[in-house]
Amino acid sequence: MNSNRAPIPVFIPLFIGIIAISFSSIFVKWSSSPVSIQAMYRLAITILIMLPFAKQHLPFIRSLKRSEWLLLLLSGTMLALHFLLWMGSLRWTSVASSTIILALQPVFVMIGAYIWFKEKTSPAAIGGMAIAFLGVFLLIGSSGLSGGQGHLTGDLMSLLGTAAVAVHMLLGQLLLRRLPAFLYSWLIFAVAAVVLAFYNLGMDIPMTGYSGREWGIFALLAIVPTVFGHLLFNWLMKFASASTVSMSVLGEPVGASVLAFLLLNESMSSMQAAGGMLVLLGLVLFLKVRRPKKQPVDIQPEAEAIG
């Protein structure tokens with residue numbers, strides 16, 4: 001636990017952050033713009049909001065090595081791919097299914113950390129991971145049966161998007177050994193925005209001509225789930241343990257599912273609900289008992305990972 005004392009009780013910003021990131025999928029569903037456009041302008045607006053606070057870190061950029069720029073490029077590309085796949089999944093499947101699968105990000109990070117960094121975890125955490133994946137298989141299977149090929153496609157896109165963001169986070173673990181967390185976030189957002197801009201140009205997707213309503217949604221995506229969600233979690237890492245903040249991954253699918261029911265009239269089948277409960281149960285066990293033996297730096301999984 002971080003020994004610094006928060007100016008307000010930790011549960012207050014944690015609750016605000018969970019509600020904020022829960023709105024991400026709702027805004028995506030509300031928009032009729034291509035998801036690559038939504039993601040690009042979400043990041044671009046966030047970069048502008050962060051710019052006044054990033055100026056003090058700009059001299060540090062000159063000291064970055066070529067290898068670090070390559071890692072930033074790859075990490076930002078993975079973040080852009082995450083947005084394309086996860087936000088795209090919401091065009092095919094339900095908010096509940098997509099966000100429950102997305103909540104598996106700590107499990108994917110653990111698998112990658114074991115492969116690349118030889119980080120160990122406890123048998124109990126592995127058991128929680130197995131329960132969570134069993135829930136995902138049930139969730140995807142029930143989506144294929146009840147929702148048709150479209151729902152199955154969306155669930156698989158969310159799963160691939162979760163894997164992409166796990167790679168992004170593992171690369172971030174390397175970069176955060178030297179880069180300040182705020183500068184890292186700002187640079188990664190910038191790289192991902194540029195990658196998405198090239199994607200839009202390559203796919204001949206118009207980058208202008210969108211209605212005022214669409215621009216309002218782009219701004220909401222930047223301000224609500226990004227600034228009041230992910231960046232707020234970054235700030236919270238000063239005062240709370242990474243494990244405490246990481247529990248927010250469990251709050252997003254719950255909050256998003258409630259919002260989707262109230263605002264989008266979405267519901268879940270009994271099999272999907274059972275699969276979702278297994279995922280959340282497995283994640284609770286995983287996050288509660290996970291004790292890596294080698295943890296060189298906090299990965300800050302909430303900064304760019306969720307939604």
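**Notebook: salt bridges and nonpolar cores**

I began with Glu 68, which is buried, with a relative accessible area of 11%. I keep in mind that this is a predicted model.

Next I looked for the partner of Glu 68. The side chain of Glu 68 meets that of Arg 178 in a salt bridge, 2.6 Å from N to O. I then placed both residues on the chain. Glu 68 sits in helix H5, while Arg 178 is in the loop between helix H9 (148-175) and H10. They are 110 residues apart, and I note the pair as a link between distant parts of the chain. I also checked the accessibility of Arg 178.

Lys 29 forms a salt bridge with Glu 266, and their closest N and O atoms are 3.2 Å apart. Lys 29 belongs to helix H2 and Glu 266 to the loop between H13 and helix H14 (270-289), so this pair ties together parts 237 residues apart in sequence. Is Glu 266 buried or exposed? I find it buried, because its relative accessibility is 17% and the cut-off for buried is under 20%. Lys 29, at 27%, counts as partly exposed.

The remaining entry on salt bridges is Arg 213 with Glu 214. Their side chains meet at 3.5 Å, N to O. Glu 214 counts as buried, at 4% relative accessibility.

I turned to the nonpolar cores. The largest has 48 residues. Which residues have the most contacts inside it? I list Leu 72, Met 87, Trp 186 and Leu 187. Next I noted the elements that give two or more residues to this core: helices H2 (24-30), H3 (35-54), H5 (66-89), H6 (95-102), H10 (181-202), H11 (212-236) and H13 (248-263). H10 supplies the largest share, 10 residues.

Leaving aside residues up to four places away in sequence, Met 87 touches Val 28, Val 35, Gln 38, Ala 39, His 82 and Leu 221.

Another core lies apart from the largest one. I record 24 residues for it, among them Ala 113, Val 279, Leu 280 and Phe 286.

One general remark for the page: in soluble globular proteins, nonpolar side chains tend to be buried together.

Terms used:
Residues are numbered from 1 along each chain as its sequence is written. This is a predicted model: local features need pLDDT of at least 70, side-chain atom pairs count only at pLDDT 80 or more; totals for chains, interfaces and linings use all residues. Side-chain values use heavy atoms; hydrogens and water are left out. A nonpolar core is a set of buried Ala, Val, Leu, Ile, Met, Phe, Trp, Tyr and Cys residues joined through side-chain atoms within 4.5 Å. Buried means under 20% relative accessible area, exposed over 50%, partly exposed in between (1.4 Å probe, protein chains only). Helices (H or I, at least four residues) and strands (E, at least two) are DSSP runs, numbered from the N terminus. Contact means heavy atoms within 4.5 Å. A salt bridge is a side-chain nitrogen of Lys or Arg within 4 Å of a carboxyl oxygen of Asp or Glu.
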